[in-house]
Amino acid sequence: ETLLFPSQKQYLNYIGDVMNGFIPKHTPLILDRIIFNGIPIFIPQSEEGGEEEEKRVLCRPYIQMFINGNLCFSTLANDEAPKLVKQDLSCVFKVGKRVENDVLLRCRHYVDQNERVSMFRIYFHTSFVTGNILRFNKSM
């Protein structure tokens, strides 16, 4: 079990759910928005130390969405990603896209045109989403 990625465990849970009588619904969903709470520090404080701590940019995240292995949405436009500072408690990405089947959400930190750093990735299958909110925590 320690060799499995969290998403692999999630898919094993899907299999267990089906074996226990869960009937997956095969209807598409609308992914309205993605919210993540807590801003990680991806940009170290400059050595000059001239920046005000509250206004220092900590992270420049963007989201990519893949459905069945194909990139179908990205919040990165014209090499622009939001600049999050310490006082930002969360980040909201408006998506508004229809999703169906296997979905991969990948969040990356934008450094420049040639460099990006993976922050997290989440896989899920829409047939196993119950309710209108899908939540993941840091361990997933």
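Trainee: Which residues of β3 are buried on one side and which on the other?

Mentor: Bear in mind this is a predicted model. On one side of β3 you have P61, I63, M65 and I67, and on the other Y62, Q64 and F66, all of them buried. That makes 7 of 7 residues in the strand, which spans 61–67.

Trainee: Why do they split into two sets like that?

Mentor: Because side chains in a regular strand alternate between the two faces of the sheet.

Trainee: OK, and which strands does β3 pair with?

Mentor: β7, residues 102–112, runs antiparallel to β3 and is joined to it by 7 bridges. In that pairing, I63 sits opposite C107. Then there's β4, residues 70–74, also antiparallel, with 4 bridges to β3. There, M65 has F73 as its bridge partner.

Trainee: How many residues are between β3 and β4?

Mentor: 2, and the two strands form a hairpin. Look at N68 in the turn: its phi is positive, about 50°.

Trainee: Switching topic, what's the overall layout of helix and strands?

Mentor: The protein has 1 helix and 8 strands, and the order along the sequence is α-β-β-β-β-β-β-β-β. Of its 140 residues, 31% are buried.

Trainee: Which residues form a nonpolar patch on the surface?

Mentor: L12, I15 and M19, with about 340 Å² of accessible area together. L12 belongs to helix α1, residues 6–19.

Conventions
Residues numbered from 1 in each chain as written. Predicted model: local features only at pLDDT ≥ 70, side-chain atom pairs only at ≥ 80, totals over all residues. Heavy atoms only, no water. Buried < 20%, exposed > 50% of the residue type's maximum accessible area, 1.4 Å probe, protein only. Patch = residues over 30% accessible without salt bridge, like charges linked within 9 Å, V, L, I, M, F, W, Y side chains within 5 Å. Areas by Shrake-Rupley, 256 points an atom, 1.4 Å probe, with all protein chains shown as cover. Salt bridge = Lys/Arg side-chain N within 4 Å of Asp/Glu carboxyl O. Pairing = 2+ DSSP bridges.
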